[in-house]
Amino acid sequence: MSRFPDPARSRAVLIGVGHFPDAPRLADLPAVQENVAGLWRRLTDGATGVLDAEHCEVADPAGSTADLGRAIGRAAEEATDLLLIYYAGHGLVDDRGRLYLATSATRSQAPKYSALSVDLLREDLGGSGAAARVLILDCCFSGRAVEVMTGEDGLVDGQLSIAGTYILTSTTANAPSYALAGERYTAFTGALLTALDSPRPLSLDEIYRGIAADLHSRGLPRPMQRATDTAADLALARGPAEPDGPRAVPVNEIRFHRGPAATRKQMTGGLGKMLGTMALFTAGLAVLCAVLNHDPGWLLAMPVWFGAISVLIALITAVTLFSTPREAELIIDRSGTTVRIRKKGEITYSSLIPWRDISHVGVGSVNPRARQVYAGNHLLVVRLRPGVPYRETKGMLFPDQLHGLGYRVVATVGSFSADSAQILAALDRFAGDRVLHTEQEFLARDPRITPSMF
């Protein structure tokens, strides 16, 4: 059974360092600031968090190594229940295999004197009076911290075997950690935040298994963990807030339905517009024949042909619509987005895109040339993570440029009798920080796209 920490007796220090002015060989990591912001929001949320905001410190990313050390030391002294230390940035290894955490003052050639030593971090955690100590490292070679903490005279096998310690690292001792281009968070912390968004409280062991499954599904290095005593039962999020009044029925999914009548209305509307256009064109040809008034035989034949083709199209469409009625559903839930099509009560098509495959999601305008045919004027659009396969959605509805950048159409919003606000509300409930609410947010998230693409 999960245990929640006492907020008044718990302390946390969240460190995210993404810029290294004295170490040009270390690439900037802009995602780590989003990591820290996202984790702080979840840990201190008034309804679902487990920590008080004033006791969850976000360290200055431009602070010196000594500044970070003082913040950790202060938290270690004050904590009597939970002590949580989180770091995201670059991990460095010296010639003796010792792990250091890079700071804004780090020089890559001299980490011993300019970076945060995991050996010293071990001493602070080991000397704390906290009942539970949690160390989360999102950096390259972070698995070495497990060796430091569990080796001879180490943190876990030594003085903390009773009090409880949990170490969670983004990768193994010899592997890199990943911050994928265009992603809001690093791969590991993104998976951690997804686990914290679970509809029920998860223990640290359950959080670890969720992260491991997420990273494995994307072909990324497997995280590591080590625990002693009952630390594995600790929970870092409380799940959904309890309602103030009578217990509400939990919303596990939101469905948008399109029945046979709506399908017929949509298609017949488009057909009517098309036939109307062809009728005007036919009338125009007839007027042209009358105006020319010389040898009009070949022109007079064209309206006849257009009329015949229009009648044939109308007949084929009518037979299709009324002989094989179809229903469709757009389902947005905790697993992802699903589109299902039923014919005569049986599912003939089903397509699920899980959240783990989606970098971001939102609603975009339909290409203007498509608005005369399709009832909806917006599209539910997802940006897939690199390497995720998905069916083609190019064509009149969607600009080829966006398709080439990994964006795909899930559904035409209006065809499900919904508007963009309803779809975005459903996404906000289940998709978390992946949701982009405006086209400006799309443009800000991905510098490769331009306003003309929407």
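In this predicted model, the buried residues of helix H6 are Ala187, Phe188, Thr189, Gly190, Ala191, Leu192, Leu193, Ala195 and Leu196. Nine of the 10 residues of H6, which spans residues 187-196, are thus buried, so the helix is largely enclosed by the rest of the structure.

**The six-stranded sheet**

- An open sheet is formed by six strands in the order S2-S1-S3-S7-S8-S9, with mixed pairing.
- Strands S2 (56-58) and S9 (224-227) stand at the edges with a single partner strand each, so one side of each has no neighbour in the sheet.
- From one strand to the next, the twist averages 10 degrees.
- Strand S9 pairs with S8 in the antiparallel sense, over four bridges.
- Within this pairing, Ile167 has Arg226 of S9 as its bridge partner.

**Helices on the sheet**

- Helix H2 (residues 65-78) lies across S1 (11-16), S2 and S3, and runs at about 160 degrees to S1.
- Helix H6 packs on the sheet as well, where it touches S3, S7 and S8.
- The direction of H6 makes about 135 degrees with that of S7.

**The pair H6 and H7**

- Two packed helices are described by the angle between their axes and by the distance between those axes.
- For H6 and H7, the angle is about 130 degrees and the axes are 9 Å apart.
- This angle makes H6 oblique to H7, since angles over 145 degrees count as roughly antiparallel and those from 65 to 115 as roughly perpendicular.
- The crossing in which H6 passes H7 is right-handed.
- On the H6 side, the contact is made by Ala187, Phe188, Ala191, Leu192, Ala195 and Leu196.
- On the H7 side, Ile207, Ile211, Asp214 and Leu215 take part.
- The H6 residues in this contact, including Phe188 and Leu192, are listed among the buried residues of the helix.

**The protein as a whole**

- The protein has 454 residues, of which 48% count as buried.
- Its secondary structure comes to 12 helices and 17 strands.
- Of the contacts between residues at least 6 apart in sequence, 69% join residues at least 24 apart.
- The accessible surface comes to about 21,700 Å², and 56% of it belongs to carbon and sulfur atoms.

Definitions and conventions. Residues are numbered from 1 along each chain as its sequence is written. This is a predicted model: local features need pLDDT of at least 70, side-chain atom pairs count only at pLDDT 80 or more; totals for chains, interfaces and linings use all residues. Side-chain values use heavy atoms; hydrogens and water are left out. Helices (H or I, at least four residues) and strands (E, at least two) are DSSP runs, numbered from the N terminus. Buried means under 20% relative accessible area, exposed over 50%, partly exposed in between (1.4 Å probe, protein chains only). Contact means heavy atoms within 4.5 Å. Accessible areas come from the Shrake-Rupley method with a 1.4 Å probe; for residues, only the protein chains shown count as cover. Two strands pair if DSSP finds at least two bridges between them. Axes are lines fitted to C-alpha atoms, for helices over the stretch in contact, and angles run from 0 to 180 degrees between N-to-C directions. Angles under 35 degrees count as roughly parallel, over 145 as roughly antiparallel, 65 to 115 as roughly perpendicular and the rest as oblique. A crossing is left-handed if the near helix is turned anticlockwise from the far one by less than a right angle, and right-handed if clockwise.
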